[in-house]
Amino acid sequence: MARPTGRVLTLLELLQSGGTRTVAELSDRLGVEGRTVRRYVGHLTDLGVPVESVRGRYGGYRLAPGYRLPPLMLTDDEALAVLLGLVAGRRAGLTSTEHTANETASAKIRRVLPKHIARRLDTLLEALAFTDEPGEFDTPDTGVLLTFADAVRHRRPVSIRYTDRHGRRTERTLHAYGIVAHSGRWYVTGKDAQTGEDRTFRLHRIADARTLPGAFEAPVGPGPAERVLSGFATAEYQHEVTLRIYGTAQQIRAHLPASVANLEEHEPPSGQDRADERWLRVELRAERLDWLPPVLAALDRPFVIERPDELRDLIEAFADRLASYARQA
């Protein structure tokens, strides 16, 4: 027969799975009477676990947000999922805290894992290989990140102090549309209230964020992720490139993604499938052009260069080099 302490912990695990649990359901799962369930709930309350009583026909008990984190009950699979999520998040840069917090969270979970689960995890991590090396990622301030999350949800303006890549500091009011994680970096996109322009800011460059009174209307059109990627493709660089490429949008996007180039898709003629090959206009901006010839060669689709002429010269030189390599014995 299970000891009362074991049943109390089982009750906590059942409540942590979410939703409202009826007394009858809990009695059946724990193998005790209803009054005993109510006594176990009292034990959890005494330990500081915030258990709410729900009245009514479908009433029962549920967990409420508390002032501190209660004991967390995880199954073997859940514990592995959390630890693997911490590993993957750290490598992908999807963390809003310094690596120390990630590592201490992992250590706390590992410390209480049963030995056979810890061995399974170690075996998995030893066998696991990644195709890319972890790089240096931005780490936004947690307070700033959560302030923007609340402002996005409630459409509140935010006052920020921002330092750009040249070290210039400015104060702005931003109507934030959304938060975007891209390639190990965190961005917030929205409208600059002073200029009325859509802007994208690196979150780790924002030193302070304060929610202001008032509200704004949610924008229509592209979502936050699409706005950020489009901003990358239209940023100010030395060269403006315009091409016409014969192919499908999927073929072109495989080598020139939305973060690199804008793709102008015309409505296909009547009866023609949108996935059929046809001439599409591609526009992009770049600080250098030398990376484009091998990309266009890998694309292996007919193309026409509208601008700049310098790109045409680079492609001809690239083709000559490839031909010379092919002729070598």
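Which strand does Phe303 lie in? Phe303 lies in strand β11, and that is where the first of these close-ups of a predicted model starts.

**View A. Phe303 and the residues around it.** Phe303, in strand β11, is partly exposed, with a relative accessible area of 29%. Its C-alpha atom sits 6.1 Å from that of Tyr246, even though 57 residues separate Phe303 and Tyr246 along the chain. Setting aside neighbours within four places in sequence, look for the contacts that Phe303 makes with Arg244, Ile245, Trp279, Leu296 and Ile315.

View B. Helix α11 runs over residues 309-327, 19 residues in total. Leu311, Ile315 and Phe318 are buried in α11. These three cover an arc of only 65° around the axis, which puts them on the same side of α11. As for what covers the buried residues of α11, the cover includes β8 (239-247), α10 (292-299) and β11 (303-307).

View C. Pro308 is the loop residue to look for between β11 and α11. For background, most peptide bonds are trans.

**View D. Two loop residues with positive phi.** Most residues other than glycine have a negative phi. Arg155 is not a glycine, yet has a positive phi of about 55°. You'll find Arg155 in the loop between α7 (142-154) and β3. With 23% relative accessibility, Arg155 counts as partly exposed. Asp300 also has a positive phi, near 55°, and is a residue other than glycine. Asp300 belongs to the loop between α10 and β11. At 60% relative accessibility, Asp300 counts as exposed.

View E. Searching the whole structure turns up two aromatic pairs. One of them is Tyr162 with Phe201: the ring centres are 4.7 Å apart and the planes meet at 65°, so the pair is edge-to-face. Since Tyr162 lies in strand β3 (residues 158-163) and Phe201 in strand β6 (residues 198-202), the pair ties together parts that are 39 residues apart in sequence. Both Tyr162 and Phe201 are buried.

**View F. Helix α3 against helix α1.** Two packed helices are described by the angle between their axes and the distance between the axes. For α1 (residues 4-16) and α3 (residues 34-46), the angle is about 80° and the axes are 10 Å apart. The two helices, α1 and α3, are therefore roughly perpendicular to each other. On the α1 side the contact is made by Pro4, Arg7, Val8, Leu11, Leu12 and Leu15, while α3 brings in Val37, Tyr40, Val41, His43 and Leu44.

**View G. Helix α3 against helix α2.** Helix α2 (residues 23-30) also packs with α3, at an angle of about 90° and with the axes 9 Å apart. That makes α2 roughly perpendicular to α3. Where they meet, α2 supplies Val23, Leu26, Ser27 and Leu30, and α3 supplies Gly34, Val37, Arg38 and Tyr40.

Technical notes. Residues are numbered from 1 along each chain as its sequence is written. This is a predicted model: local features need pLDDT of at least 70, side-chain atom pairs count only at pLDDT 80 or more; totals for chains, interfaces and linings use all residues. Side-chain values use heavy atoms; hydrogens and water are left out. Helices (H or I, at least four residues) and strands (E, at least two) are DSSP runs, numbered from the N terminus. The expected span of a helix is 1.5 Å times one less than its number of residues. Buried means under 20% relative accessible area, exposed over 50%, partly exposed in between (1.4 Å probe, protein chains only). The arc is that of the directions from the helix axis to the C-beta atoms. Contact means heavy atoms within 4.5 Å. Rings of Phe, Tyr and Trp (its six-membered ring) pair if their centres lie within 6.5 Å; planes under 30 degrees apart count as stacked, over 60 as edge-to-face and the rest as tilted. Axes are lines fitted to C-alpha atoms, for helices over the stretch in contact, and angles run from 0 to 180 degrees between N-to-C directions. Angles under 35 degrees count as roughly parallel, over 145 as roughly antiparallel, 65 to 115 as roughly perpendicular and the rest as oblique.
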